[in-house]
Amino acid sequence: MTKTTDRHPDKEELTIITTHINADFDAISSMVAAQKLYPDAKLVFPGSIEKNIRNFFINSMIYMLNMIDINDVDPLHVKTLVLVDTRQAKRIGKLSTLADKKDVEIHLYDHHPAKGDDLHGTHEIYKPYGATVTILIELIREKGIELTPDEATVLSLGIYEDTGSFTFSSTTENDFMAAAYLLSKGASLNTIADMISREINPDQVSLLNDMIQSANTYNINGVDVVLTTVSTETYVPDFAFLVHKMVKMENINAIIAVARMTNKIYIVGRSRIPEVDVGSIVAPFGGGGHSYAAAAAIKDKTLAQAESLLLEILHQKIRSKRRAKNLMTTPALSILPEITCKEASRIMTRCNINALLVLENQATAGDLLYGYVTRQIVEKALSHELDDVAVQEYMTRDIATVSPEADLPEIQEKIIAKKQRILPVIEKDKVIGVVTRTDLLNTLVRQTNQHAKDGSDLLKEPFHTRTRNVQKFMKERLSDKVIDTLKSIGEVAHEAGYKSYVVGGFVRDLFLYRPNEDIDIVVEGDGIAFAKKYAALNGARIHTYAKFGTAVIIFPDGFKIDVASARLEYYKFPAALPTVEMSSIKLDLFRRDFTINTLAIQLTPSRFGMMVDFFAALNDLKDKSVRVLHNLSFVEDPTRVFRAIRFEQRFGFNIGKLTSSLINNAEKMNFFSRLSGRRVFTEIKLILEEENPTLSIARMNDYGLLKVIHPEFLFDPAMESILNSVKKTLSWYDLLFLEEPYMKWAVYFLVLIRNYDIDAITEICDRLELAPRHKHFFCKDRRESEKCLFWLKSRKDISNGELFHRLASLKTEFLLYMMAAEQEEYVKRYISNYILKLRHVRLQIKGRDLQKMGLKPGPFFSKILDAVLEAKLNGELKTRSDELLFAEKYV
């Protein structure tokens, strides 16, 4: 660029301070700050100012600006051009002509990244702070220049806006320090809050709604970007603010918003991920900004042209930073070359995969990679009766590999172009994982919404794994003790070389806003070894279960943590207990019962708080749906049916359509007959421990499942009414706060078996393999309670003494059952009176008091004391003296 000089030697020399067109708070604040450094300078706006900023300065702060109109600037008089918050000549309008004059000094202050067409000056300061004004505040402090409270307030506005009130990732320590300094100078936080948290008017609300409705999500090179286009015949101010609001409302990681207002098109970009640099995306339109926030304004294109060009630029600029190490499944499942085709088929079926690596030495993660074998090849071999032939005879030996740093295009090329189902990831001659064709599809293809509702085999079908940092959410929902415990678990596991996760119901209930401190930890590695190390460091005890690779850590205060090795369970036949092998977190979660229980949160220090959702669990929580992970789930473990019903009723969810049909199939195929009675009883007991078991029992009846209790079980309105009465009775009893434990489930179970005779109840207890004490409880003890209930119903005038002696031998469960099952109010009153007033009545005198009367111990002592107790129960005796006197008279 050739500079000219034609300044008149006799004219006054000017220093002007300017910024970019469509000046925001950071631009204005930087101009005010620059004026403190150049006190004789004039402020010149090259173009429009955002409406709310203009109003603020016109109404409140105009006195502090030494301004002149751009039309009053004589280029011949300008000696120094001070440019703040931009280095782009094309962004300063008519004042760009000054940049061509070689006798004009240019001073630049900016925080935007450098570009090829940036201006260069005699004085340049660039620092990658959150706001340009922070740079100028540091200079003001260095020079000891004083600021008034109003000036401090204006400068603070620039920091607060450009850092998103210190929430944007571009915020630096220097921005915080500058804001603290301004606060010490009297900056008004109330004024700042009023300006930053501005209300939106009806026109803006309408435009924001249009933006949300017209938004489309494009998956470009594995990265989701939202593009929204709107049009309005009038100018609506603060478009960038509306985009920022939409980002927060819709939780968007990257967005490009395009708006046609009158005859001009405005483009605003916001990004919270490194893959999308919105500054470079709007640059071809003459815009500018940062990688995370940028804007542009154009006049020479239609809305459709702008959108088309944007899509083209997005495909050019967005490059996924995902690497093989991020996509791979680890550890890699593999077999030895001498494994037979029949055994290879069994392993693939058991692990639910379609290909296996063939390695020479599995113990060292593969010293020599032979090749791979697919299910298709193995099944063809078996169809030709080659069951016992080694897989090395038919495996694919020409196999491509990648390093952990391989990018998406390389992975895509090797899997798709070479038609390779499985791609080994090699590091230092070791196979550290594999990227499968499914893994690639998970990245390239978004799962459809319908599949998210209720699908079949989630491990095979493509789904975009969701991750989200929920550390802040955890701090809001969990106690400091739990947070510290989870962090220490992650640190100890990391030191041992393991990845660790908190999983299952704990994470599910976190998102359902339900209290749950039953912590389940999964370790990708030796869970028992980790548990031993962690327990030793924290003075805790452990119980280990080597068969399942699990352990329980028990702290001195009784707090417990369950630890498991990431494992794969498979079932040798329907309803069998699982066989366990070591696995990865994804396969570990796939073995679980329902999608809503598959959420995991990473605890590794560098990834602490990162939630992982492999199987659309968040969608199902949002849709209130209980859904299995694959179609054979109930074949493998029919007890999952009971859990599906329990979760459905506990959370107020619905069982998905496919899951419901699979329950009907399991009942039709009679898989429950293969379950041990103990497993069935455990699930029934858990259902009866729920807050309102009646709903679950009714649901079991809908599916024909109550026959697991008895083949001729009848659930009718009468039984439903009594079950509801049990709930009311238990609620009444719990509100007494007697702190006396009782078996809640047993009260409900007494109702379920009330219509059966002793032989049928004995059969039920044997079928469910109840413990001898429970069998005695439901057979003999229950019979006594029924006799007592008949006795109560046959009498309408019972003394307290009679009532006490009749009910004293009954356990709490029977008292509550009788109270709930009986319809007669006077019987309920008898039982209520006993529980509230009589049950805990005790004599103050003892046998030794009778001895002091000169009586010798003998059987009649009990007769005397019983008579005293009956008199006390009937209200005749109040004090110890009354008891002694009554005893003497009785003798």
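Predicted model: local features only at pLDDT ≥ 70, side-chain atom pairs only at ≥ 80, totals over all residues.
Residues are numbered from 1 along each chain as its sequence is written, and side-chain values use heavy atoms, with hydrogens and water left out. The structure holds 33 salt bridges and 27 aromatic pairs.

**Terms for place and cover**

- Helices (H or I, at least four residues) and strands (E, at least two) are DSSP runs, numbered from the N terminus.
- Buried means under 20% relative accessible area, exposed means over 50%, and partly exposed lies in between (1.4 Å probe, protein chains only).

**Charged surface patches**

- Patches take residues with over 30% relative accessible area and no salt bridge; like charges are joined within 9 Å, and nonpolar side chains (Val, Leu, Ile, Met, Phe, Trp, Tyr) within 5 Å.
- Lys and Arg count as positive, Asp and Glu as negative, while His and the chain ends are not counted.
- A negative patch on the surface gathers Asp 797, Glu 802, Asp 866, Glu 870 and Glu 876.
- Asp 797 counts as exposed because its relative accessibility is 72%.
- A positive surface patch is made up of Arg 842, Lys 846, Arg 848 and Lys 852.
- Arg 842 lies in the loop between helix H34 (825-838) and helix H35 (847-852).
- Arg 842 has 53% relative accessibility, so Arg 842 is exposed.

**Salt bridges**

- Side chains of opposite charge can pair when their charged atoms come close.
- A salt bridge is a side-chain nitrogen of Lys or Arg within 4 Å of a carboxyl oxygen of Asp or Glu.
- Lys 36 and Glu 151 join their side chains in a salt bridge, at 3.3 Å from N to O.
- Lys 36 belongs to helix H1 (residues 25-37) and Glu 151 to helix H4 (residues 149-162), so this pair ties together parts 115 residues apart in sequence.
- Lys 36 is partly exposed, with a relative accessible area of 22%, whereas Glu 151 is buried at 11% relative accessibility.
- The side chains of Arg 87 and Asp 110 also meet in a salt bridge, with 3.3 Å from N to O.
- Arg 87 is in the loop between S3 and strand S4 (105-110), and Asp 110 is in strand S4, so the pair ties together parts 23 residues apart in sequence.
- Arg 87 is buried at 9% relative accessibility, and Asp 110 is buried with a relative accessible area of 2%.
- Arg 782 forms a salt bridge with Glu 786, and their closest N and O atoms are 4.0 Å apart.
- Both Arg 782 and Glu 786 lie in helix H31, four residues apart, which is about one turn of the helix.
- Arg 782 is buried, with a relative accessible area of 7%, while Glu 786 is partly exposed at 26% relative accessibility.
- Salt bridges with shared partners join Asp 593, Asp 637, Arg 643, Arg 646, Arg 679 and Glu 683 into one network.

**Aromatic rings**

- A pair of aromatic rings is described by the distance of the centres and the angle of the planes.
- Rings of Phe, Tyr and Trp (its six-membered ring) pair if their centres lie within 6.5 Å; planes under 30 degrees apart count as stacked, over 60 as edge-to-face and the rest as tilted.
- The structure holds 27 aromatic pairs.
- In one of them, the ring centres of Phe 886 and Tyr 890 are 6.3 Å apart and the planes are at 20 degrees, so the pair is stacked.
- Phe 886 and Tyr 890 are four residues apart in helix H37 (residues 880-890), so about one helical turn separates them.
- Phe 886 is partly exposed, with a relative accessible area of 24%, and Tyr 890 is partly exposed at 38% relative accessibility.
- A cluster linked by ring pairs contains Phe 681, Trp 745, Phe 749, Phe 777, Phe 778 and Phe 814.

**Positions and distances**

- His 77 is in the loop between helix H2 (51-61) and strand S3 (78-84).
- His 77 counts as buried because its relative accessibility is 17%.
- Glu 173 is in helix H5 (residues 173-184) and is exposed, with a relative accessible area of 59%.
- Glu 173 and Pro 711 are 538 residues apart along the chain, and their C-alpha atoms are separated by 72 Å.

How values were computed: Areas by Shrake-Rupley, 256 points an atom, 1.4 Å probe, with all protein chains shown as cover. Charge placed at Lys NZ, Arg CZ, Asp CG, Glu CD.
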